[in-house]
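Student: I have a model open and want to learn to read its features. Please take me through them one at a time.

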Amino acid sequence: MSEPSRRTLLSAATTAGLATALAGLPAFTASAAPRRPAADAPLPTGTARDTLWWRAPGDAHSMIEQGLPVGNGRLGALASNDPGRELLLLTDATMWTGGLNDTLDADGQFPYGRADFGSFTLLARLTVDIPDHDLSAVTGYRRTLDLVQGVVASSYVRSEVTYRRQVFASRPDDVIVLHFTQSGGGRYTGTITLDGTHGEKAGAESFGAALPNGLRYGAAVTARGSGGGVAVSGSRIDFTGCKELTVVVSGGTDYAPDAATHYRDPSLDPERLARTKVRAAAAHPAGTLLRTHVADYRDLYGRLDLSLGESTAEQRALDTWERLKARARDEVPDPELEAAYLQYGRYLMISGSRGSLPLNLQGLWLDGNDPDWMGDYHTDINIQMNYWMADRTGLSPCFDALTDYCLAQLPSWTELTHKLFNDPRNRYRNSSGRIAGWTVAISTNPHGGNGWWWHPAGNAWLCNSLFEHYEYTQSRDHLAKIYPLLKGACEFWEARLLTTTLPGTSREVLIADSDWSPEHGPLDAKGITYAQELVWALFGNFCAASARLNKDAGYAGTIAGLRRKLYLPEVSPKTGWLQEWMSPDNLGETTHRHLSGLVGLFPGDRIRPDDSTPKDVVDGATAQLTARGMNSFGWANAWRALCWARLKNAEKAYQLIVNNLRPSTGGANGTAFNLFDIYEVEQGRGIFQIDANFGTPAALSEMLLYSRPGHLELLPALPDAWAASGHVKGVAARGGFVVDLHWRDGKPISVRLRSVGGRTTAVAYGGASRTVTLKPGQSVTLKDLGR
């Protein structure tokens with residue numbers, strides 16, 4: 001379809017909104033000189049609870065489970081921290097094969113493979129070989145991830161000299177830095193090698209190439225040493241007798257978030273830009289680069305502080321892997337470890353979601369070019385779960401990557417919807433024959449492409465996530481950006497909904513056309529709960545956006561009328577469960593991983609355990625959740641925990657968090673050596689999938705504070721393990737507030753509310769409620785809610 005034809009698919013309001021929203025979207029481009037802290041500025045220090053540590057480096061053959069992640073939101077790496085052979089597996093969020101993928105097969109599916117849909121892949125491999133520092137020749141090895149500074153470090157002793165190295169990814173300088181030091185009298189001698197992973201011919205300091213889809217990419221490295229020599233030798237860099245060594249690496253692609261340019265920036269030379277970035281950074285001392293990185297990282301990380309109570313001295317004495325094993329073996333709460341897991345999720349969010357594409361199934365980290373499911377963006381839970389914790393835990397700026405992605409993809413999504421959704425091969429096509437707006441498939445890539453089945457309700461779920469970000473931030477600018485997405489999704493559903501009469505009544509309702517309740521049951525069911533709930537929320541969010549922006553009042557009235565006629569799920573007289581389909585029978589798997597029929601409980605909040613929801617509906621949702629069980633994949637456990645938190649069942653929510661902290665061995669579900677979540681795809685084979693690393697912290701946050709616009713509830717699901725005393729400072733609430741909360745003996749003893757745009761809210765605890773009214777920027781402290 002030509003570019004003029006593509007534009008005709010979008011309304012004038014949509015086109016204007018996109019032009020504003022896409023202007024200045026970030027990519028791998030030249031940037032202004034970073035703001036540098038003072039050379040003597042003190043670095044922040046944390047306590048033992050802010051540091052994860054290990055007694056062994058990562059195995060080069062098991063990096064996805066043992067490599068420690070660093071990232072600047074665009075550029076990432078897994079670091080082995082091996083004394084004799086440091087290995088970094090480098091990634092760029094935009095390093096994707098594949099393309100628009102704008103065809104359907106005979107079964108109505110989009111092709112879904114590496115050759116057509118494409119895959120997230122590695123950018124490069126960096127090795128720093130120090131032959132006489134082989135692991136067998138050193139003692140006292142220790143490896144750390146400092147969550148306060150965002151720095152991976154290691155240390156060891158060789159010949160009575162202590163050697164130290166730091167690895168960090170700087171967003172201001174857009175590079176990854178490795179800094180090698182020693183205590184005095186020691187020297188570093190070895191080689192640095194930068195290799196591509198797609199058969200490129202690499203030079204000693206840089207390489208550039210292009211993928212078959214035309215995406216150009218490049219990477220570069222440079223090194224500086226003191227007290228010795230650094231020189232290029234053939235295809236490597238040699239360093240000899242250095243007291244200190246600084247290695248700087250960067251790279252990227254010519255990807256651009258713009259459908260009009262086919263997601264490319266033809267003016268960009270990634271190899272040349274990478275060389276420019278590493279040389280500019282290497283002109284500064286390593287200490288300056290570190291302080292610049294830490295100041296930038298701390299601006300986000302420092303927004304939330306959490307204590308769930310004190311762990312024992314015996315627990316603190318264990319390294320992180322042994323501590324995970326002890327927690328699972330002894331079944332003794334370890335509140336500092338549990339708090340650190342949330343902070344580790346925040347570290348991954350800051351490291352993986354700033355200034356580029358959003359977090360995919362792999363986040364920003366790979367150990368090869370063949371991730372399962374291509375490391376895609378799954379729109380039926382996974383990409384949404386990745387961002388549930390962002391606003392809740394003080395990382396609202398990290399959410400912008402998801403917003404920017406959806407905006408950049410909208411022209412392509414709209415084009416493909418109009419071209420292919422009503423294709424006769426699509427089992428989910430609209431019975432009406434009408435088409436409008438946009439939707440997506442279950443899988444999406446960054447080139448505007450879809451993969452696998454069409455996913456009609458995917459547009460509603462994405463829009464609801466984007467609108468929830470507005471509820472937290474109260475940003476009118478954000479609402480104006482996403483308005484074209486909201487309106488286009490409503491237009492799609494206006495064309496899709498069917499009118500039917502409920503059996504045994506004269507009542508006419510609107511139901512979704514044939515669909516699949518992800519990812520089980522019949523493929524042709526009408527009125528599935530999943531779609532009904534998501535569309536009900538979408539219509540309400542659009543009407544709220546229309547009112548706030550003073551736009552499209554007439555169309556908002558139309559959508560409000562459709563919303564009033566939407567069928568909403570009933571409780572089955574056979575099972576006692578909230579129905580997932582318009583049937584009294586359970587048509588799927590009882591213990592299925594997805595909670596598609598419970599989206600009205602979480603992430604929605606139409607179903608609430610209070611007087612606003614009929615008791616039989618709450619009981620039906622509880623019964624369905626109970627039937628799903630307490631043991632599943634990490635992301636499924638996280639979703640269950642969030643639902644139990646919404647139902648105020650603290651102990652079940654806590655048990656599911658504990659289940660996700662079980663150490664993964666032999667590929668089993670659980671937490672890996674490096675705290676990545678492992679998904680057991682088949683017996684004996686587990687893979688890394690990052691959504692649980694974000695969904696679990698979101699559940700933990702939801703247990704401490706429930707919010708919706710106009711209502712906050714303190715400690716709705718506080719388990720006994722955290723009840724003695726604790727605090728959370730900087731947790732966000734929908735409606736535009738930030739909360740600092742202290743508790744003792746399971747009761748709040750102090751709560752401070754600060755408005756970031758909110759005006760009035762009820763603050764509730766234990767059946768009591770107080771109304772607070774503030775102006776933006778104002779705060780108030782309440783001290784007697786727990787009495």
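Tutor: Start with disulfides: a disulfide is a pair of cysteine sulfur atoms within 2.5 Å. Before we count, know that this is a predicted model: local features need pLDDT of at least 70, side-chain atom pairs count only at pLDDT 80 or more, and totals for chains, interfaces and linings use all residues. Residues are numbered from 1 along each chain as its sequence is written, and side-chain values use heavy atoms, with hydrogens and water left out.

Student: How many disulfides does that rule give?

Tutor: The count is 0 disulfides. Take C406: the closest cysteine sulfur, in C463, is 7.6 Å from its own, so the two are too far apart for a bond.

Student: Are C406 and C643 buried or exposed?

Tutor: Buried means under 20%, exposed over 50%, and partly exposed in between (1.4 Å probe, protein chains only). C406 has 1%, so it is buried. C643 has 0% and is buried too.

Student: What is a nonpolar core?

Tutor: It is a set of buried Ala, Val, Leu, Ile, Met, Phe, Trp, Tyr and Cys residues joined through side-chain atoms within 4.5 Å. Here the largest one has 219 residues. Those with the most contacts inside it are L126, I176, W493, F539, W639 and L704. Helix α8 (residues 335–352) gives the most to this core, with 10 residues. Helices here are DSSP runs of H or I, at least four residues; strands are runs of E, at least two; both are numbered from the N terminus. Another core lies apart from the largest one; it has 16 residues, including V175, A220, A281 and L289.

Student: Which residues does L704 contact?

Tutor: Contact means heavy atoms within 4.5 Å. Setting aside neighbours within four places in sequence, the partners of L704 include L306, L308, E713, W722 and W743.

Student: How do I read a pocket?

Tutor: Work on a 1 Å grid over the protein atoms alone. A pocket is an open set of points where a 1.4 Å probe fits, with protein on both sides within 12 Å along at least five of seven lines; lining residues have an atom within 4 Å of a point. Points are joined across faces, edges and corners, and the volume is the space filled by probe spheres set on them. The largest pocket here has a volume of about 460 Å³. Its lining has 25 residues, with A537, N541, G604, D605 and R734 nearest the centre. Two elements give two or more residues to that lining: α12 (458–473) and α14 (529–549). α14 gives the most, with 7 residues.

Student: How does the lining divide by residue type?

Tutor: Into 10 nonpolar, 6 polar and 9 charged. Nonpolar covers Ala, Val, Leu, Ile, Met, Phe, Trp, Tyr, Cys and Pro; charged covers Asp, Glu, Lys and Arg; the others, Gly among them, are polar.
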